[in-house]
Amino acid sequence: MTKILLSTGNIVSGGPSIIRKPGTFRSNLELTNSLRSNFLAAQEDYAAEVAQSHGGAANGNGSTTNGTDANAETGGGRPTASAWTASEDGILYVPAVHWDAHGLQEEPAHYDITAKLFFLPGAVASQRPRFAGEALAHVLRELRAPAVDLLIVSFPGMSFKGDCEWEADRINAGQGNDEDEMATWPAIEELHRAGLAKKLGLAEFGSEKLARFLDKVQVRPAVNQINLKNCCNVPPPLAQLAKEQGIDLLVHSDCTDILPKGTLRDLLGQGLGGAGLLADSETGTGGLRGDLTPQWVVKYTAVVRDRGVIENKGYFAGAELADE
Amino acid sequence: MGLLALGTALDWPDAKKQAHLVRSWGIKQLLEIWNKAKGKERDAMLWGDEVEYLVVKYSKDKPEVLLSLRQADILQALASDKSLSKEGCVPPLPDGSRPQSSQPPPVFHPEFGRFMLEATPGKPWGIEFKELLEVEPNMKLRRCIAKDHMLPNEYPITLTTFPRLGSPGVFTDPFYPVSGPRLRSQFVPDEIANPHIRFPTLAANIRSRRGRKVQVNVPVFKDEKTPWPWRDPTVNYDPHQWPEDDDVRNGAAPDNFIHMDAMAFGMGSCCLQITFQAKNLTEGRQLYDQLSPLGPIMLALTAATPVYKGFLADTDVRWNQISKAVDDRTAEELGEKPLVNDRWRIPKSRYASNSTYISEDPRLRPEYLDPDLVIDESIKQQLLDGGMDDRLATHFAHLFIRDPIVIFNEDLKELDLNKTDHFENIQSTNWQHMRFKPPPADNSIGWRVEFRPMEIQITDFENAAFSVFMVLVTRVILSFDLNFYIPIKKVDENMETAHARDAVLTRKFYFRRNLFPTTRASRSPGSGSGTSTPVPSRPPTPTGPVEAEYRLMSINEIINGTAYARDTTSEEQLREEEDTEGDDFPGLIPLVESYLDSVNVDVATRCQLATYLDLIRKRASGELWTAARWIRHFVARHPAYGQDSAVGEGVARDLVEAVVRVGQCEARGERFGGLSVCAAEGGGVPMLGRLLGGFR
């Protein structure tokens, strides 16, 4: 059993991966593109390091290489996995994260920091409290901030599709899993009480689900994020409920199934554009073996409060590799 | 418009003698504020818009429309109404209450033209997204308050120019005869200018310094029945009242050009200007540079000026006309005579596109800079000695090649370093398409950048859309650290290109192919973070030839992106396109949308912003027309138009009437939709749908 932590670094000045292309709305391209380009950059950094030391073998910043020794022989000219990933406390960091190089340029109080946590459909719901704690800790460590201003939680299996009037709202009422969502929320409330998230939010809750949810929770969400970008007609019941309850309806354009299992295998695999970390039985390439399950993704943004400038934006994704 | 100090204004021969003193005091004041303000940090993003109006006199049952010269009375009425009561101008909410606004009452300012008015918001805007939605209602409020302090038959309209300014006959109320001592124009009276001593002096001293009248010549639009060669029929070759009356006999009015001869023809144009406050000096310089290449693009996209002095012009925008209307260069400076008395040849008017980039950005390659830049070396040296860096010293040493035009005797008694009046004297009469503004003498506000090229639009909806768009573009530039640099000479070329009829659809502009860094910045934090990285840095990417960094693009491509432009371009046009496969440009609107996707915006705000972006998207793609195109169509289909380029009194009257009615409709909060509601007042406004689409 290996835990894997994928990260993008700051993508806001990262070029093409942040540009939305026509016809790719609701897509997870931003995440996959920026992960891919961060892997590539880390590998190139390694190559440069090797070139500087006249081809000598580099030792990946002193990190141990317990789980990845098998990958020392590289395939297709890729650098040794141990050189650009890192293993610490049982977590494989892909790529290695240089925490000391990060953080915000000014005092955290000058920023509006938002984290949006996606619980992925393949992961066990009972583990979500742990996921939430880990995800938020990574974000706070990356930004070197004591808390986020808003933590939005996105549960799997929910969407806001269809015409934006009553239909989407009606369909939404039967989506998701009320029980699991209610069981998860206390852990989120705990993060709030611990002072790590000043406000909480939900994503993709229609009027019925939201009403049921509000009935039962202690710390109420201040925000409900919905994907209505191409439609200005908020379903009237939702608009009314939000107004009555003082909940801000915000727009997003995220894909709910943001990191499907197959996509993650492609990202880490031996194929074209893959990071070359996973073993490939067909080609006999060595590497990590086992069943790979993406568990959560967290997207974070830090916006300078009175200047509207996005200074930092990125993703972490958590996955688990079960031994065969 | 600059400072309105009172005093004794010097005539040119006397002013000229004091020019050096004003410049040297101006530089001392600049260094004072530089040393005070260079370390200013973390100023908030604040911004302001300026909307300029023409005041017209129009009645439904009168056959003519006139420019009202009651600016002073109107400003007086506005000033004496302390509360600027909004009662009549703010419709009550559905529950009967008055909407609360955080905004103090708007502020009204005089302008050069005595028929003009400028209005700004009561306090600067911030960057809260909800605040962006207050801009349009505030613009409507300003127009409404202005109207409330006018006579019932006077209207503030936002056409860039009055179509028959300077035409024979009566075009102002009250009427004044032409050819006064200040302007010496054969087309407009001296009374066309704001009577405050600053304005007539400005006009007179520009004329006097130049040694003849300004020559504002615009190519005439050749229509089916336009005689060719075309000779401006309104030019009088006979007058002998002033020495400058010889100008036309000496070839000032060439064939096929509409000829104008006074500052009022340029400075009487209305525009839409936006000023941004930067967080510090560095960011201000970055914004100045990065917005500069966008100038010509936004000029072409907002084109609204196809008529001058009663004739259709062959250009769509005001820019060059203003440039010529304030061109005070002597024959020596223009290169027409050998340099004897003057210090240098000067390639551009005081009103022109930028000549400098001022950032210390490592991405600024020396090849981008203007090789023909004229600077005053001794002033540059003073600035360097005073602690200013080379690049900014070069910028101000360039602005300070100009003479101050209006000097008040009272200001020459002693140098006051607690003021910036002498610095501002030179700075504010350098009308480039961007302006870099140091903080005021008391250092109370931050470093600012003014974006000046946009033409005013007919409705407040459009003016708000373009203002908000530019605000969002600045946020995108700073967030994504975009690089728009191209050589300044190419920006100059683009500025010329932007003048062409329908340039937005028919012309291409030099624009940078790749706005993003060539290597990822994330693993090695950028400048300013103050943290160093343990990650080994890759060797710097070799820089290719500058010419490979940019290519020609349509405005559709620049605004909407290559993919969108490909989908909205006719097959015929596509065949003519060079193959740009693999060279896709993302487009400014998709970049703005990517930005909005990354920040928290509520549903209602996002929808409103989407409407603004839609308007701009459709203007860029040609689905909607620019105001210039709409005005051309209005004229062309008017029964009184003879296909001979002449825009007669009847046509001009009906055009202004249409604009007044669109304004009334907007003020009442009614839909433009074919102006069907307003049509009850006597016929619809033709083709309005092509201008404003289904919006509002």
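1. Ile4(A) stands opposite Ala319(A) in strand 10 of chain A. The model is predicted: local features need pLDDT of at least 70, side-chain atom pairs count only at pLDDT 80 or more, and totals for chains, interfaces and linings use all residues. Residues are numbered from 1 along each chain as its sequence is written, while chains are lettered from A and ligands numbered from 1 in the order in which they are written.

2. Strand 1 (residues 2-7) and strand 10 (residues 309-322) of chain A run antiparallel and are joined by 6 bridges. Helices (H or I, at least four residues) and strands (E, at least two) are DSSP runs numbered from the N terminus, and two strands pair if DSSP finds at least two bridges between them.

3. These strands belong to an open sheet of 10 strands in chain A, ordered 2-3-1-10-9-4-5-6-7-8 with mixed pairing. Its edges are strand 2 (86-88) and strand 8 (248-251), each of which pairs on one side only. From one strand to the next, the twist averages 25°; angles run from 0 to 180 degrees between N-to-C directions, and axes are lines fitted to C-alpha atoms, for helices over the stretch in contact.

4. Strand 9 of chain A pairs with strand 10 of chain A in the antiparallel sense over 13 bridges, with Lys299(A) opposite Tyr315(A). The two strands form a hairpin with 4 residues between them, and Gly308(A) in the turn has a positive phi of about 65°. Strand 4 of chain A also runs antiparallel to strand 9 of chain A, through 9 bridges; here Thr114(A) stands opposite Thr301(A). Strand 9 of chain A is mostly covered, as 12 of its 14 residues are buried. A residue is buried if 20 or more other C-beta atoms, placed from the backbone, lie within 10 Å of its own, exposed if 12 or fewer, and partly exposed in between.

5. Strand 6 (residues 197-203) and strand 7 of chain A pair in the parallel sense over 3 bridges, and Leu202(A) stands opposite Asn224(A). In strand 7 (residues 223-226), both faces are covered: Val223(A) and Gln225(A) on one side, and Asn224(A) and Ile226(A) on the other, are all buried.

6. Helix 6 (residues 207-216) and helix 7 (residues 236-245) of chain A pack with their axes 9 Å apart and at an angle of about 30°. They are therefore roughly parallel to each other, given that angles under 35 degrees count as roughly parallel, over 145 as roughly antiparallel, 65 to 115 as roughly perpendicular and the rest as oblique. Their contact has 6 nonpolar, 2 polar and no charged residues. Ala, Val, Leu, Ile, Met, Phe, Trp, Tyr, Cys and Pro count as nonpolar, Asp, Glu, Lys and Arg as charged, and the others, Gly among them, as polar.

7. In chain B, the axes of helix 21 (residues 588-597) and helix 22 (residues 603-621) come within 11 Å and cross at roughly 170°, which makes the two helices roughly antiparallel. Ile589(B), Val592(B) and Leu596(B) in helix 21 of chain B meet residues of helix 22 of chain B, including Leu609(B) and Arg617(B); contact requires C-beta atoms, placed from the backbone, within 7 Å.

8. Helix 5 (residues 198-210) of chain B is largely enclosed by the rest of the structure, because 13 of its 13 residues are buried. Gly211(B), with a positive phi near 90°, follows helix 5 of chain B.

Key:
Contact = placed C-beta atoms within 7 Å.
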